[in-house]
Structures are given as structure tokens and as C-alpha cells.
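Work through these exercises with the structure open beside you. Try each task before you read its solution.

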Amino acid sequence: MKTSSIVNLDKLNEDIESIKKILYLDSPDLWIDFSDKIESNNFDEMVLFFAIKHNYPLIIKYAVENNLIDLDSPSRNKTFSSIREHLINIANKNNNSEIRNYLLGISDQIETDSVSEKCSISKTKEESNSYTPEFICPNCNSNIFSTGYTISKEIIYKFSKESNKAIPMSNKILDSVSCSNCGTNLKEVSPSSLESLCTVQNCTSCNLDLTTTGIIDKVKMVYDKESNSFINSNTSYHCSNCNKELSTYQIEYFNL
Ligand SMILES: [Zn+2]
Ligand SMILES: [Zn+2]
């Protein structure tokens, strides 16, 4: 409980009461569920979900800093790998950058055991990583790999008689990407092109940094009957560690 002092408990209770009021009007069932959890000090994924949805960051800070929740445990929403990922998605949807940055910074905070200064966190991240991909938003001029980008998922729900509720049948990532800083739709990129930009410098097989391991060029020679000699037919480029051929995207990136 070393950090609980930074959370003003009166304000926390006020915030919780505000959410209760909203839920009470929305759905009495949810209100009962939520109230029961608060009563037993159970700040779980559902409680934090509503705190983010209705924009009460103090509740998130309280739960995290008092170790009432493990953000890296699996989410109950199967479309996300962890509770953290789910909550970040909700924060993005609600344009709540304060909560999003806070959730993104937590792992560093624990690792370095430092105070949650957002700027110091992003600095250590950059320093420890030799390669930072870059895509500059044409509108706000920020590198979206630092400030964040938003992608959308399309989830199809169908009603299931067995579970008596609508359940997700399929979910796919849509092609659209927007800058999380200014909201501009980035037509030039897709989630997959941004992903490959992150790894363009690494071998797709052994994952080593090609600028460190080096690459080998292989020239295929074919025998030319007319000139009675071998001629150069094509060149391919390979990781010098595992021999995996570079992708066309990597060849373009390295200007080969
Ligand atoms: Zn932007
Ligand atoms: Zn390799």
C-alpha cells in the first residue's frame, strides 16, 4: 500500500458513487453487480471497464497502485490477450489519453521502480530499443509509433440460445488506421504495413537485427548456350545467420 496515499479516498468514493448512479439508470442488474464488487473491494476488469468508459481515472490508479488487479492476466473478453490490452482499447475508444498512457506506462514503472512520470518512461523505452520505427502523421507531425495509432476491429455477434446472450462469432482487424494523437485517418498505411515496419530491420525467421548480423547476396547464374557461359539471372538477399530470404519490403527498405 506504499502508494495509496496519492489517491484521495474522498474523491475516489465520489467517483464510485457517480458511476453507480449512471449504472443504476442504465441497468439495475449492472448496478447491483458493480456495487457488490466495490463492497468486497473487488476492483476487477468489469469495474475498471466502467471507470474508463465513464472517465474516472482515479479508480484505475487506485486499483493498480494497490495491486487489486493484475493487468497482465487474461481478459474475460476473448478478443484481447490481457486485461491491460482490453482496457487500453476502451480508453482509446473513449479518447481518454490520460488513462491510456497510464496503462501503457505501468510495466515500466514496476520494472524501473520509478515514479510514474510519463516522459521518463517513454525515454527509457527509446533508449533500450536500438531501432524505433517511424511513420509521421501528416496532420500533427508526430511519430505514431511514439504517440500511438488506433486500429479498429469488426466483431460479428450472434445470439446463442445456450448461453442466452449475444456472443462474438468472428472478429477481424479492419484496414483503417488513425493517429491516436489527432484522430486523423491515415490512408497510406494499414495495420499490417505498420507491423512490418516494426520488424523491417529484423530477419523474419530468426528475428535478429539484420544491420548487426549482416546479409548475404546470392546470385543465381544460368548457363547461356549462345554465349557458352554462365550469366547472371537474378540476385536474392538472405540473413547471414539463418539464410532466410529477405522480403521485397525489406529489399526496398534497405535499397538493395
Ligand atoms: Zn496526428
Ligand atoms: Zn535470420
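Helices (H or I, at least four residues) and strands (E, at least two) are DSSP runs, numbered from the N terminus. This is a predicted model, where local features need pLDDT of at least 70, side-chain atom pairs count only at pLDDT 80 or more, and totals for chains, interfaces and linings use all residues. Residues are numbered from 1 along each chain as its sequence is written, chains are lettered from A and ligands numbered from 1 in the order in which they are written, and side-chain values use heavy atoms, with hydrogens and water left out.

**Exercise 1.** Find the protein donors of the zinc ion (ligand 1) and name the geometry of the site.

Step 1. Apply the cut-off: donors are N, O and S atoms within 2.8 Å of the metal (3.2 Å for Na, K and Ca); water is not among the atoms, so sites may look incomplete.

Step 2. List the donors. They are the SG atoms of Cys 137, Cys 140, Cys 179 and Cys 182, lying 2.3 Å from the ion. Their spacing in sequence is C-x2-C-x38-C-x2-C.

Step 3. Check the angles. Four donors count as tetrahedral if all angles lie between 85 and 135 degrees. Here the angles are 106 to 114°, and the site is tetrahedral. For four tetrahedral donors the ideal angle is 109.5 degrees.

Step 4. Look at accessibility. Buried means under 20% relative accessible area, exposed over 50%, and partly exposed in between (1.4 Å probe, protein chains only). Cys 137 is buried because its value is 0%. Cys 179 has 1%, so it is buried too. Cys 140 has 25%, so it counts as partly exposed.

**Exercise 2.** Why is the arrangement around the zinc ion (ligand 2) tetrahedral?

Step 1. List the donors: the SG atoms of Cys 203, Cys 206, Cys 239 and Cys 242, at 2.3 to 2.4 Å. The sequence spacing reads C-x2-C-x32-C-x2-C.

Step 2. Take the angles. The four donor atoms subtend 101 to 116°, so the arrangement is tetrahedral.

Step 3. Cys 203 is buried because its relative accessibility is 2%. Cys 239 is buried at 1%. Cys 206, at 25%, is partly exposed.

**Exercise 3.** Which residues does Gln 250 touch, not counting residues up to four places away in sequence?

Step 1. Gln 250 sits in helix H11 (residues 248–253). Its relative accessibility is 2%, so Gln 250 is buried.

Step 2. Count a contact when heavy atoms lie within 4.5 Å. Gln 250 touches Thr 199, Val 200, Asn 202, Cys 203, Thr 204 and Leu 210.

Step 3. A polar atom of the Gln 250 side chain lies 3.1 Å from the backbone oxygen of Val 200.

**Exercise 4.** How many bridges join strand S1 to strand S2?

Step 1. Recall the rule: two strands pair if DSSP finds at least two bridges between them.

Step 2. Count. Strand S1 (residues 149–160) and strand S2 (residues 165–179) run antiparallel and are joined by 11 bridges. Tyr 149 has Cys 179 as its bridge partner in S2.

Step 3. Inspect the turn. S1 and S2 form a hairpin with four residues between them, and Asn 164 in the turn has a positive phi of about 55°. Most residues other than glycine have a negative phi.

Notes: Tetrahedral: all angles 85-135°; square planar, octahedral: opposite > 155°, others 65-115°. Polar contact = N/O pair within 3.5 Å; in protein donor to acceptor, adjacent residues only side chain to side chain.
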